[in-house]
Amino acid sequence: MSAKNEDSLKNIISHAKEYGFVFQSSEIYDGLSAVYDYGQLGSGLKNNIKEYWWKAMTQLHENIVGIDSAIFMHPTVWKASGHVDAFSDPLIDNKDSKKRYRADVLVEDYMAKIEGKVNKEIKKAEKRFGDAFNEAEYRKTNGRVLGYLEKINTIETELKTCLEENDNNRFKKLIEDLEIACPVSGSRNWTDVRQFNLMFNTEMGAVAEGASTVYLRPETAQGIFVNFLNVYKTGRMKLPFGIAQIGKAFRNEIVARQFIFRMREFEQMEMQFFVKPGEDKKWYDYWKQNRINWHNALGFSENDYRFHDHIKLAHYANAACDIEFNFPFGFKELEGIHSRTDFDLKSHEEHSGKKIQYFDSEENRNYTPYVVETSIGLDRMFLSILSKSYQNEKLEDGSERVVLKLPHFLAPIKLAVLPLVKKDGLAEKAREIMNNLKFDFTCQYDAKDSIGKRYRRQDAIGTPFCITIDHDTLNDNQVTIRNRDTMQQERISIDEINNVVSKAVDIKETLKKLN
Ligand code: ATP
């Protein structure tokens, strides 16, 4: 990560803490690695993101329903899903620094460095050639760039083989051949590569004897698969239909850095879309488009999102891609879209001995539906929004302000109510106004410090509007409303506040863009 990007991530982390968005878990005990708590504002933002996803899925699609399944599941579920045997990452340690790494991530970071060199060449050429510069042509013809791209290609092919064949020796050799050094010690003194299962387990039952090992679910999807029959039958569902779920997942990640990007306890928003076999490709394309639209509707730059096809397909998939987001540490996976075939339902049928099929009344036959899944990490979504919203603005008068330009409907506080002074009945008037508005949106009352300081505090937490109650308010029934983004102030009547704010913060306006 470049120093500038590192600073920007650091700023976001300290801002998130200072204003009550995200805290390290068990901080008074020096924290628990890769586990975080959401504070008074973070939980509000998180809930609003959930609502956006949930409504986009279950309210805008009449054939998608939501469930909430338990975290603990029968241990055989994880045998059937393949997680007991195959949910592992290749692990490698540096003997000098004693730091542990994911072997595939070391290689990916190495490739990203070469990609950085390509981008540098392109930037240089862009400067040199000005308007006449044609990037696509340059990529195809410039010798140095071609050399870099070929190198990336060769490494990627080798990485794919190592991953597909779970070949630990080959992996070690790749790391040695590329002369990858530990970022901490700078040495190439590596242990062998070994596989590490990411599932947490615990015992269920009062005594260890006779107790059975259960897992903390590493994904929410299996709770959907094992409820397929329940929902299909009780909901009288017809293909194609989807089941959505938001919930916690747990993974004993080898390397958990980068704040809430990679956690050991996190939250997923997953949707399994069941389709007729043969229609999976069509629906895979549909969901790719649908999900990118969902991201773009937030209004951040479309260039900050890109698709990345998986180089290694999971054991269950016939097509898979990620939506990557331009995080402060570069483009990384934000969401996965996977065409999972009939692998899961078939496997649960086999392991449970229950028939898990769909009856197609038009064709008068039973079959196992295929599945297209969309799976997004809520915490990663939170980080993506926070990192794009966080801005350090230079103002015309030379001063600076930190402002969170959150999409209005996601802001945890929608309106701040600020009496200019506490005396002369202004505080009472402000309370009266807030008591009327609190039924429509979350308001915050603040009477402390100068009005300028109060505005800055609200900017820092992303509150779209502030209203100020002054002495004139008592006579003319008007307040000053200030817009977070433009900082413009306007006088409006108290009766209009609800209308102005509601219109701007209503989730409906964003949902409508998705239709
Ligand atoms: P990665 O390659 O980054 O480990 P993954 O491919 O294992 O991710 P999936 O199994 O596809 O991830 O999970 C779906 C989504 O869940 C991811 O796109 C991501 O947003 C989220 N996610 C996965 N692991 C974590 C984690 N440790 N912390 C936070 N979010 C996670």
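Start by selecting I92, which stands opposite Y101 in β5. Strands here are DSSP runs of E with at least two residues, numbered from the N terminus, and two strands pair if DSSP finds at least two bridges between them. The model is predicted: local features need pLDDT of at least 70, side-chain atom pairs count only at pLDDT 80 or more, and totals for chains, interfaces and linings use all residues. Residues are numbered from 1 along each chain as its sequence is written, and side-chain values use heavy atoms, with hydrogens and water left out.

Next, colour the chain by domain. The assignment, automatic or from a database, gives domain 1 (1-86 + 198-393), domain 2 (88-195) and domain 3 (395-512). Between the C-alpha centres of domain 2 and domain 3 the distance is 49 Å.

The ligand is surrounded by 17 residues, and E253, R262, M263, E333 and L334 are the closest. By class, the shell holds five nonpolar residues (Ala, Val, Leu, Ile, Met, Phe, Trp, Tyr, Cys and Pro count as such), seven charged (Asp, Glu, Lys and Arg) and five polar (the others, Gly among them). At least two shell residues come from each of β10 (265-275), β13 (330-341) and β16 (370-377); β13 gives the most, with five.

Display the polar contacts, pairs of N or O atoms within 3.5 Å. An N or O atom in the side chain of R262 lies 2.8 Å from a ligand oxygen. Polar backbone atoms of L334 and G377 also lie by ligand oxygen atoms, L334 at 2.8 Å and G377 at 2.9 Å. Taken alone the ligand exposes 600 Å², of which the protein buries 85%, by the Shrake-Rupley method with a 1.4 Å probe.

Finish at β22 (residues 478-483) and β23 (residues 489-493), an antiparallel pair with five bridges. Q478 is opposite S493 in β23. Five residues lie between the strands of this hairpin, where M487 takes a positive phi near 60°.

Conventions. A residue is near a molecule or strand if one of its heavy atoms lies within 4 Å of it. A polar contact is a pair of N or O atoms within 3.5 Å; within protein, one must be able to donate a hydrogen and the other to accept it, and residues adjacent in sequence count only if both atoms are side-chain atoms. Helices (H or I, at least four residues) and strands (E, at least two) are DSSP runs, numbered from the N terminus.
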